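Have the sequence and the structure open as you read.

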Amino acid sequence: MIKVHQLFYSYDDQNMPVLKNIHMEIHEGEHVALIGPNGCGKTTLIKQLNALFSPGGGTVVVDGMDTRDHKNLKEIRCRVGMVFQNPDNQIVGMTVEEDVAFGPANLGLPPAEIRQRVDKSLVMVGMEAFAKRAPHTLSGGEKRLVSIAGVLAMAPRYIAFDEPTAYLDPSSRERVLNMIHKLHREGIAIIHITHDMNDLAGANRLLVMDQGSIVLDGTPQDIFSRIEAMKDLGLQVPQVTLLMRRLREKGWDLNTNILTIDEACMEISSRIGPVKEILSDSDSPAVDEHG
Amino acid sequence: MVNLGQFIASDSMICRVDPRIKIVSMVALSILTFTANWLEVYLISLFLMIVMRMAHLKFRQMLSAIKPLVLFAALFFLLHLFFTDGTRLLSVPLLHIQITQEGLYRGAFVAWQFIALVLSGAILTMTTPPSELISGLEKLLYPLKYLGLPTQDIAVMVSMALRFVPTLLEEFDRIRMAQLARGADLHTGKLTQRAKTTALMAVPLMMSAFRRADELAEAMEARGYHRGPRTALRELRIDGQDFAALAWMLIFIALLAISRVYVN
């Protein structure tokens, strides 16, 4: 568990605190999405979680280890992996496999063990065929997957993703999101910063930040039902959720705690009843009599 | 695309030889090249050709690797051609120029030395992946650690620098395009004007390099980087074929030494 208690933080050259009195807990195996407007301190907050920054006030404790204690640094950085926004600036190896080996090599593991971890991580993200390629020959999505493999090779318990789908084309975005869900299923806790409300499917908790504080904390269904609060923060609500709200306002008796198209489909079709003749008579549309 | 001897993957025996042996051989060959006499010029040339052959390097690839440096070889040749005293072959009194036999030989020799050095360097880099080259250098420099030189940190720095060469080239292109799109004239104009446009390119490139360096440092730290000992994916090990390669190199040096004794 990562415990953040009364955390304050400000950069050296500014008096204004970037993080103000943050309380939160991230449990093993959770999938937490962190949203909020630009400059609200999201990235600064996740950099606190693996001791890249140390608290100005308050404490951050990872599995019982205080991030301010230098003895704990190595272990904390193994446990909490970090995938930064720009994969170009975090790939350090001259080939894909050397990059993935960077973390384990820092831990001083023997070459045979490093090899094993590298191969396992590359298979996990589906990039094993690219092992010998130079990083600059990869596409944006592939670079992102390589940087995830580099983090996986450290065998982390938590991974923080900083806008992992930024600048990606739709199919790469899909690949990266599927990877995040897969890691979550493997039991790794996910902390996921995003601006795209459609990335939130799968998150079981939502943290909303504004001006250095956490203003909302709850299940996504819970938080998105407070559309007005979200609007005040300049944040959007997923399109499907909005659609369900509108339908409800039109008088349909629908559950509006819905975040994905699949859930919406289930909800709507349960209200309009079963489709009796599925294309049995190709001349007349099957849904006519239910409309 | 500028090609100064980038690594070309192949399964030749030369590619598989331990980088340390290749580096030491290249240094030895360079020293031999500098002290060569006429017979050795032929022997070393022959040796280089055999090695290129064994490394499956094509003549065309080698040519493109040394092409940018041919100009320098020509310059060395001309310098010696015009400024060496000796038996006069040809003189142009009007221009105070005279060409001597010694100058001709000397020029040809120096140009050969230069090309041979570049070629042996190119063979090394074309048959060795950069990462192996660096870990080889790191191991060879290891004794310097006792003089207080942080050899491992240096190895990491060099590999980062090499890793970011393509990235910064891309960045340079992007900046160039951005300046062109805003109407910058990068190709014509007076010298002062062109110096200014160079600054237009250099300043953003530097800024971006610094920003990248910051992020890179954070990313490295996040993955547990710290100064001091670390391990590697591939440990270098010297085995049978490496000893064979070393033996061949020693035989070649012995051959040169013998030729030197008998020729003089």
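**Briefing: chain B, inside and out**

The side chain of B:Gln61 reaches the backbone nitrogen of B:Lys58 at 2.9 Å. This is a predicted model.

- B:Gln61 sits in helix H4 of chain B, which covers residues 59-82.
- Is B:Gln61 buried or exposed? B:Gln61 is buried, because its relative accessible area of 18% falls under the 20% cut-off.
- Neighbours within four places in sequence aside, B:Gln61 is in contact with B:Ile8, B:His56 and B:Met126.

**Two domains in chain B**

- Chain B splits into domain 1 (13-144 + 236-263) and domain 2 (151-222).
- Six residues from domain 1 of chain B and six residues from domain 2 of chain B make the contact.
- The C-alpha centres of domain 1 and domain 2 of chain B are 33 Å apart.
- Between them, domain 1 and domain 2 of chain B bury about 460 Å². Carbon and sulfur atoms account for 79% of that area.
- On the side of domain 1 of chain B, B:Ile134, B:Glu138 and B:Leu141 lose the most area to domain 2 of chain B. Together they give 80% of what that side buries.
- Zero salt bridges are counted between domain 1 and domain 2 of chain B.
- One residue pair is in polar contact between domain 1 and domain 2 of chain B, both residues at pLDDT 80 or more.
- The side of domain 1 of chain B that touches domain 2 of chain B has five nonpolar residues, no polar ones and one charged.

**Chain B against chain A**

- How many residues of chain B are in contact with chain A? The contact joins 29 residues of chain B to 36 residues of chain A.
- Chain B and chain A bury about 2900 Å² between them, with 54% of it from carbon and sulfur atoms.
- B:Arg163, B:Arg223 and B:Leu233 supply 31% of the area that chain B buries against chain A.

- Five salt bridges are found across the interface of chain B and chain A.
- B:Glu221 forms a salt bridge with A:Arg77. Their closest N and O atoms are 3.4 Å apart.
- The interface of chain B and chain A also holds 16 residue pairs in polar contact, both residues at pLDDT 80 or more.
- Helix H6 (130-141), helix H7 (151-181) and helix H8 (191-222) of chain B each supply at least two residues of the side that touches chain A.
- That side of chain B divides into 13 nonpolar, six polar and ten charged residues.

How values were computed. Residues numbered from 1 in each chain as written. Chains lettered and ligands numbered in written order. Predicted model: local features only at pLDDT ≥ 70, side-chain atom pairs only at ≥ 80, totals over all residues. Heavy atoms only, no water. Domains from an automatic or database assignment. Contact = heavy atoms within 4.5 Å. Buried area = accessible area lost by both parts, 1.4 Å probe. Salt bridge = Lys/Arg side-chain N within 4 Å of Asp/Glu carboxyl O. Polar contact = N/O pair within 3.5 Å; in protein donor to acceptor, adjacent residues only side chain to side chain. Nonpolar A, V, L, I, M, F, W, Y, C, P; charged D, E, K, R; others polar. Helix = DSSP H or I, 4+ residues; strand = E, 2+ residues; numbered from the N terminus. Buried < 20%, exposed > 50% of the residue type's maximum accessible area, 1.4 Å probe, protein only.
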